[in-house]
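Subject: Structure for you to look at

Hello,

Here is the structure I said I would pass on.

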Amino acid sequence: MALLCFAVLLRCRKKLAAEHGEFAPTSGDAFISGTSLITDVDECRKRIGFCPQFDALYDLLTAREHLSFYAAVKGVPAELVEEAVEVKLREMGLVEYADRATGGFSGGNKRKLSVAMAMIGDPSIVFLDGK
């Protein structure tokens, strides 16, 4: 039974890795906003937002620092990062917490920040992994 479970997990892992561009699938293609996952995986990654089930936050960074980092990762032009961050802070009701270390955030504010991080850069699709 353990071997069967391992085989299923391995197959799922390979499928997810192919979908995320870790390696090329054996056949087919997928598109995000008309962009091929096969030929332009880096552009596709910029168009995908993902909010994991857990809060992937660094306790010593502020909300503003988290959002600025993710904006840069998602390819937001440097001159637009500050504005994009301010928009997400307002949208999520985090303005008063913007410059506080996230280690002291309530669970609700951590979730709001995690969603804001997934939404920064206006991705075409956002995956919200719920509990």
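This is a predicted model: local features need pLDDT of at least 70, side-chain atom pairs count only at pLDDT 80 or more; totals for chains, interfaces and linings use all residues.

**The chain as a whole**

There are five helices and four strands in the chain. Read from the N terminus, the order of these elements is α-β-β-α-β-α-α-α-β. The chain has 131 residues, and 28% of them are buried.

**The second largest pocket**

The volume of the second largest pocket is about 280 Å³. Its lining is made by 16 residues, and those closest to the pocket centre are Val 76, Pro 77, Ala 84, Gly 121 and Asp 122. Which helix gives the most to this lining? That is α4, which contributes five residues. Helix α4 covers residues 78-91, and both it and α2 (41-46) supply at least two lining residues. Sorted by kind, the lining of the second largest pocket has seven charged, six nonpolar and three polar residues.

Phe 50, Ile 125 and Phe 127 together make a nonpolar surface patch of about 290 Å². One of these residues, Phe 50, belongs to strand β3, which spans residues 48-51. Is Phe 50 exposed or only partly exposed? Its relative accessibility is 48%, so Phe 50 counts as partly exposed. The cut-off behind this is that a residue is called exposed when its relative accessible area is over 50%.

**Two residues in loops**

Thr 39 sits in the loop that runs between β2 (35-36) and α2. Its relative accessible area is 67%, and therefore Thr 39 is exposed. Ten residues along the chain separate Thr 39 from Asp 29, and the distance between their C-alpha atoms is 9.1 Å.

Gly 103 is in another part of the chain, in the loop between α4 and α5, where α5 is residues 107-119. With a relative accessibility of 39%, Gly 103 counts as partly exposed. What separates the C-alpha atoms of Gly 103 and Leu 57? The two residues are 46 residues apart along the chain, while their C-alpha atoms are separated by 8.1 Å.

If you want a place to begin, find Phe 50 in strand β3, and then look for Ile 125 and Phe 127, the other residues of the nonpolar patch. After that, turn to α4, the helix with five residues in the lining of the second largest pocket.

Regards

Key: Residues are numbered from 1 along each chain as its sequence is written. Side-chain values use heavy atoms; hydrogens and water are left out. Patches are made of residues with over 30% relative accessible area and no salt bridge: like charges are joined within 9 Å, nonpolar side chains (Val, Leu, Ile, Met, Phe, Trp, Tyr) within 5 Å. Accessible areas come from the Shrake-Rupley method with a 1.4 Å probe; for residues, only the protein chains shown count as cover. A salt bridge is a side-chain nitrogen of Lys or Arg within 4 Å of a carboxyl oxygen of Asp or Glu. Buried means under 20% relative accessible area, exposed over 50%, partly exposed in between (1.4 Å probe, protein chains only). On a 1 Å grid over the protein atoms alone, a cavity is a set of points where a 1.4 Å probe fits but cannot get out, and a pocket is an open set with protein on both sides within 12 Å along at least five of seven lines; lining residues have an atom within 4 Å of a point. Grid points are joined across faces, edges and corners, and a volume is the space filled by probe spheres set on the points. Ala, Val, Leu, Ile, Met, Phe, Trp, Tyr, Cys and Pro count as nonpolar, Asp, Glu, Lys and Arg as charged, and the others, Gly among them, as polar.
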